[in-house]
2 protein chains.
Amino acid sequence: MTAGPGRSAGGRGRDGDPDRSGAERPSGRGSGGALPRPIRLADKLALFTEHWSPRIVADVNDHQVKLSKFEGEFVWHSHESEDELFLVLKGVLRMRFRAGDVVVGEGEMIVVPRGVEHLPVGEGEVHVMLVEPRGTLNTGDVRDARTVQEPERI
Amino acid sequence: MTAGPGRSAGGRGRDGDPDRSGAERPSGRGSGGALPRPIRLADKLALFTEHWSPRIVADVNDHQVKLSKFEGEFVWHSHESEDELFLVLKGVLRMRFRAGDVVVGEGEMIVVPRGVEHLPVGEGEVHVMLVEPRGTLNTGDVRDARTVQEPERI
């Protein structure tokens with residue numbers, strides 16, 4: 001799975017293109033507000049290079065969609081009360097559990113249930129989209145140098 | 001964005017391959033249960049051809065991930081209390097709002113806020129991944145022939 005501009009829809013839908021101008025017009029709930037804007041994953045991924053540093057790209061109810069780049073081993077952790085979904089956009093994610101590994105390739109996703117210890121490993125660089133409740137901490141029940149208390153919104 | 005097997009990770013991670021055998025081993029929360037299985041979007045999409053008939057592929061907390069295929073116009077509707085996320089895996093989704101259209105291409109997503117009337121239009125066939133609260137009805141506040149009360153789980 002790729003989200004590259006080259007795979008986008010025939011040049012349509014880019015910011016500034018006539019077809020997308022609707023996204024700029026006022027609208028929204030009933031009478032006011034802006035139209036929702038499309039979020040291009042490849043554009044968002046191009047905004048950062050750091051590993052293990054999730055960025056928030058969308059809010060859906062009390063859940064958030066984050067993008068992150070992984071490489072190498074993260075840290076064993078679990079989330080007491082949150083399931084976490086990982087969708088691999090690029091590369092190979094090896095999700096280690098205490099009882100075995102699960103390999104998640106491009107175009108695949110995995111849901112890590114709450115309470116289950118896991119260790120994400122990027123086999124090379126991996127681009128991942130996460131869906132999890134607002135406030136979910138990347139290192140779960142562990143605090144270390146890679147804990148991101150307040151992910152940046154991009 | 002594609003989720004085709006041809007883009008998967010170097011032959012790894014297919015059911016039955018040695019690398020994925022971990023997914024079959026018992027594990028899970030603490031002492032019991034199975035390891036989470038990877039969900040290959042392309043494989044799931046190959047299981048159905050109907051348009052406007054969402055399938056549930058994963059649960060994440062109180063939200064669900066669904067796959068659907070759109071073609072042509074759906075029906076104007078809104079969801080009173082649910083935001084809906086649409087990620088376009090293939091094709092072009094035109095999301096019509098009363099105040100204008102937003103074109104969502106491959107590798108892009110859009111969040112339709114609760115309470116906002118919208119009309120999804122598939123410009124040709126579109127493959128979409130949805131994230132929305134469990135129980136969200138595809139036709140929202142409208143009931144018609146395309147309302148799916150209980151989406152199939154695949």
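**Core, strands and confidence of a predicted model**

Leaving aside neighbours within four places in sequence, Met129(B) is in contact with residues of both chains in this predicted model. From chain A these are Leu87(A), Met109(A) and Met129(A). From chain B they are Leu41(B), Val65(B), Lys66(B), Leu67(B), Leu85(B), Phe86(B), Leu87(B) and Leu89(B).

Me: Which residues have the most contacts inside the largest nonpolar core?
Reply: The largest nonpolar core has 33 residues. Met129(B), which touches Leu87(A) and Leu87(B) among others, is one of the residues with the most contacts inside that core.

Me: What is the order of the elements of chain A from the N terminus on?
Reply: Chain A has one helix and eight strands. Read from the N terminus, the order is β-α-β-β-β-β-β-β-β.

Me: How many residues of strand β3 in chain A are buried?
Reply: Strand β3(A) spans residues 63–73, and is mostly covered. Across chain A, 60% of the 154 residues count as buried. For the 11 residues of β3(A), the number buried is eight.

Me: In which sense, parallel or antiparallel, does β3(A) pair with β7(A), and over how many bridges?
Reply: Strand β7(A) covers residues 118–133.

Me: Which residue in the hairpin of β2(A) and β3(A) takes a positive phi?
Reply: Strand β2(A), residues 55–60, runs antiparallel to β3(A) and is joined to it by five bridges. Ala58(A) stands opposite Val65(A) in β3(A). Two residues lie between the strands of this hairpin, and the one with a positive phi, near 55°, is Asn61(A).

Me: What share of the contacts in chain A with a separation of 6 or more comes from residues 24 or more positions apart?
Reply: The count considers contacts in chain A with a separation of 6 or more. Residues 24 or more positions apart account for 62%.

Me: What part of the accessible surface of chain A belongs to carbon and sulfur atoms?
Reply: The accessible surface of chain A comes to about 6,200 Å². The part that belongs to carbon and sulfur atoms is 47%.

Me: Where in chain A is the pLDDT below 50?
Reply: The mean pLDDT of chain A is 85, with 79% of its residues at 70 or more. One stretch falls below 50, although it has 82 contacts in the model beyond near neighbours in sequence. Where pLDDT is low, the predicted coordinates should not be read in detail. The stretch concerned is residues 1–31.

Key. Residues numbered from 1 in each chain as written. Chains lettered and ligands numbered in written order. Predicted model: local features only at pLDDT ≥ 70, side-chain atom pairs only at ≥ 80, totals over all residues. Heavy atoms only, no water. pLDDT = per-residue confidence, 0-100. Contact = heavy atoms within 4.5 Å. Buried < 20%, exposed > 50% of the residue type's maximum accessible area, 1.4 Å probe, protein only. Helix = DSSP H or I, 4+ residues; strand = E, 2+ residues; numbered from the N terminus. Pairing = 2+ DSSP bridges. Areas by Shrake-Rupley, 256 points an atom, 1.4 Å probe, with all protein chains shown as cover. Core = buried A, V, L, I, M, F, W, Y, C linked by side-chain atoms within 4.5 Å.
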